[in-house]
Protein chains: 2
Amino acid sequence: MICNEKMYALGAKRSVIRELFEYGKQRKAAVGEENVFDFSLGNPSVPPPKEVKEALLRLLDGENETALHGYTSAQGDKGVRETIAKNYEKAFGFAFDPDLMYMTCGAAASLTITLNAIVSSEKDEIVTFAPFFPEYRVFTEKAGAKLVAVPPAEGLDVNEEAFRLSLTENTRAVIINSPNNPSGVVYKEEKIRKVAEILKETSEKFGRPIYLISDEPYRALVFEGKPLCLPSFYRDTIVCYSYSKALSLPGERIGYIAVSPLAFEAKDLYLAICGAGRALGYVCAPSLFQYLVRECDTMTSDIEIYRANRDKLFGRLTEMGFSCAYPSGAFYLFMKAPSGDANEFSEEAKKFDILVVPSDSFGCEGYVRIAYCVSPDMIERSMPAFEKLAEKYFGKRK
Amino acid sequence: MICNEKMYALGAKRSVIRELFEYGKQRKAAVGEENVFDFSLGNPSVPPPKEVKEALLRLLDGENETALHGYTSAQGDKGVRETIAKNYEKAFGFAFDPDLMYMTCGAAASLTITLNAIVSSEKDEIVTFAPFFPEYRVFTEKAGAKLVAVPPAEGLDVNEEAFRLSLTENTRAVIINSPNNPSGVVYKEEKIRKVAEILKETSEKFGRPIYLISDEPYRALVFEGKPLCLPSFYRDTIVCYSYSKALSLPGERIGYIAVSPLAFEAKDLYLAICGAGRALGYVCAPSLFQYLVRECDTMTSDIEIYRANRDKLFGRLTEMGFSCAYPSGAFYLFMKAPSGDANEFSEEAKKFDILVVPSDSFGCEGYVRIAYCVSPDMIERSMPAFEKLAEKYFGKRK
C-alpha cells in the first residue's frame, strides 16, 4: 500500500458506533423501522429551537448575500465572538476575551486544533478520564502525543488518586468532558475543585503549567443542578464548545474554542491555535452558521424530552435489574453488562433488535452505551425487548 | 513558550495577503472606502446565482429539520455525491465513483485531507508549479512532507524540463492548479498532456505511482476555452474541488475530493482519505450546504463581470507599460514589478492606495498579484492611481 497506513487503518476500521449504526439501517430494512431499537448514535432527535429556522430565514433575507456567505476572519467574525463572550459572562460571571476565542467547525475541530496547538514532542502526554469519547485517542495520536486514560472511581466518577498518578512531567493537557459521553455522568463541583487543585499542585511540582481542555458539547444538557464554568476553577483552561447538541445542528459543524484570559501564555497559545487551524485546513467556520449562533447562542433544544427519556429508561432498566451510573446530563446511559462482557451483551441485545454500543473503545470494559436521543415512542416500544433481555440474565421477575 | 512553536509561528505571522487586507481596512477608515483600491483578497464580489438563495429557502422550508441539520455519513450524503458524479460525467464524459468521493469543508480541507492520506514518511516530497498558492507549503509541511516548487517557463507556463528534474524517488504527489492562483494562467491541453506523460514515465522509472492532485477551485472560472478533466489525461488523479468561487460561497466551506476510479489502489487511498478526515477532526461537511450543492452543482456566479474586469484591467495596465502573463481564468492578474522588486513595488503602490500582494510567498519573485474580484466601479476609479504609478516607473506617456 502506498498511502499512509495509519490513515488507511482509521478509514478502514469504522468506529464501533458507526458500524452498529450501519447494521441498524440494514436490519430496519429487513424487519421494519418500528421493530429495531437503535440506541447507537448520538444524533439529536429533538428538532432545533424554532428560533433557529427563523434566524436562518432572516439572515438569508438580509441585504448582502456576498457578505453573508463570504470569508470571515480566520478566527471567526468578531461580532459573533463578542456576542458569545457577553452571553457567557451573563450566564457564568466569567469574562472571556473575544480576541482569545476562535470559531470552529464543531467539537472535533475544536479538539484537533487545540491539541495540535499544544503538542510539540512525541513524548507529550494528554490525560483523560475513562470512560471517554473514543476519538480522543485518534485526535491525540494524530497530533503526535500519547493518550493516557485515568480509570474511573465508583459511579464512573473522577478517581482522584488515579488521576494524580497519571500526571507526569510529560503531561501537557488534561481533557475533561462533563456531562460525559458515554456515561451521562456530570462531575460535581467538589470534584472539579479537586481536579483543579491536583492540576495546580502538579503544574507547580513540574514547573510547567498543564492545560485543562474542557470539552463541553453537552454543557446545555444538564438535568440536575447547573453547568459549571471551568475557567473559574482552574486558571489554565481552554473551553471547547459545540452547538451540535445544544441546538440540534450536528451536521452543520459549528462551535468554538475559548482560551481563558487567565491562562499561562494565553496570547501565545491562542496564536498557536490560529496557526494549527490554518495548517489543518480550517479557513473559517461556516459563515451562515456563525451568524446563526450569534442569534441563538443562548437557546437550547427542548431538553425536557431528553429528561423524560432518561427518567423512563433509567427507571425501568434499573427496575428490571440492570445497573447504570446516574446520568444527570447529555443523552447517554452507561449500563453494566450483567455478564461483565460488553461485546457478548451487545450481541445478545442484538438478538432482540436492541442496538447498544459495547464500551471497550470508551476505555472502560464491561458496559454498553445507550444513546437515548430517540423518540419517546421508541423507548416505550423497546420495553418488552429489554424485559426479555433482562429475563435472560436475571431470570423471570416475580 | 510551551505551546507548539511551529503552530505559533504560523498563527503569529499572518499571511502577507491577510496582512495587507487588514492594512486596507484601516486605511479605508482613514481616507474613505472609495479612495482605497484594495486588490488584496480573493473574496468573490459577484453574488451567488439566485438559485442558491432559492434552494436554501426551499431546503429550510422542507419537512425534516432534524435530518437537514443532522450528521451525514463522514464522506458526505450519498445522494449528494451521486448527483455531483452524474453532473461531472455529463460535463466531461468521465465517470467518477460516488463511493470514491468525499465531501469536504472547502478547498483547503480537500488538500490537507488528501496530503495527510498520502504522506507517510518525512522524506516524502510534494511537487508543485510556481507560482503557487502559499498555503500549499503550510499544508504539505504539516502533513509531514517537503514542498518542491518547479520554476515557471515563459508566460508563467509549466516548465517541462524543470518539472522532470524536480521529480525524485521521494515524490509522492504533484499539485497542479489551473486556472492558477496567483497568475490566472490556464494551462493548455498540450501542457497537461505533457505533464501526464512525464508523470507516467517517472512513475514507471521509480516503480511507484505518483499521484496528481488537481486543485480546482477556479475550474468554473475559465474565460477562454473549456475547463479540462484531468483524470482523463492521467490515471492516478485526485480532484480537489471547492464551490467557494464558482458559487461565491467562500465562507460556507463546501467542496469535495474525488479519487479517480482508475487510480492506483484507489479504494485504499480513499479509505486513507476517510481516515485522515477523521483524524483531522472533519466529522462531515456542513450538511445544509451539502444539500445546497446537490441543487446548484452545475451553476456558476455571473463570470461575465470577472471577464469584463479582466479585459479592462489587463488592457489598461499593459497599455500603461506594465506586463502580465495573459490570465484566461480565475480572477487574478500577476504583474511584473517594473523594478524587479515585488516588495518595493507593492510599497510604492500603497502610496497611491493601491493594494497588491507581493509575490515572494507565491514562490516566484518579482511580481504582484492583483485580485480583480472587485466592483467594476472600483477598477474604473483606480485607473488614475495606476497611471501615476506607471508614470513613476515608465515616465510620462506621450
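**Close-up 1. H1(A) and H10(B) sit roughly perpendicular to each other.** This is a predicted model. The axes of helix H1 of chain A (residues 5–12) and H10(B) cross at roughly 85 degrees and come within 6 Å; angles of 65 to 115 degrees count as roughly perpendicular, hence the title. From H1(A), the contact draws on Met7(A), Tyr8(A), Ala9(A), Leu10(A), Gly11(A) and Ala12(A). On the H10(B) side, the residues include Asp268(B), Leu271(B), Ile273(B), Cys274(B) and Arg278(B). Sorted by class, this helix–helix contact has eleven nonpolar, two polar and two charged residues.

**Close-up 2. The contact takes 66 residues from chain B and 65 residues from chain A.** Several helices of chain B each supply at least two residues to the side that touches chain A, among them H1, H3, H6 and H11. H10(B) gives the most, with ten residues. Split by class, this side of chain B comes out at 39 nonpolar, 17 polar and ten charged residues.

**Close-up 3. Helix H5 of chain B runs over residues 78–92.** Its 15 residues reach 21 Å from the first C-alpha to the last, close to the 21 Å expected at 1.5 Å a residue. Which residues of H5(B) are buried? They are Val80(B), Arg81(B), Ile84(B), Ala85(B) and Tyr88(B). These residues lie on the same side of H5(B), because they cover an arc of only 130 degrees around the axis.

Close-up 4. Look just past the end of H5(B) for Gly93(B), which takes a positive phi of about 70 degrees.

Key: Residues are numbered from 1 along each chain as its sequence is written. Chains are lettered from A and ligands numbered from 1 in the order in which they are written. This is a predicted model: local features need pLDDT of at least 70, side-chain atom pairs count only at pLDDT 80 or more; totals for chains, interfaces and linings use all residues. Helices (H or I, at least four residues) and strands (E, at least two) are DSSP runs, numbered from the N terminus. The expected span of a helix is 1.5 Å times one less than its number of residues. A residue is buried if 20 or more other C-beta atoms lie within 10 Å of its own, exposed if 12 or fewer, and partly exposed in between; C-beta atoms are placed from the backbone. The arc is that of the directions from the helix axis to the C-beta atoms. Two residues are in contact if their C-beta atoms, placed from the backbone, lie within 7 Å. Ala, Val, Leu, Ile, Met, Phe, Trp, Tyr, Cys and Pro count as nonpolar, Asp, Glu, Lys and Arg as charged, and the others, Gly among them, as polar. Axes are lines fitted to C-alpha atoms, for helices over the stretch in contact, and angles run from 0 to 180 degrees between N-to-C directions. Angles under 35 degrees count as roughly parallel, over 145 as roughly antiparallel, 65 to 115 as roughly perpendicular and the rest as oblique.
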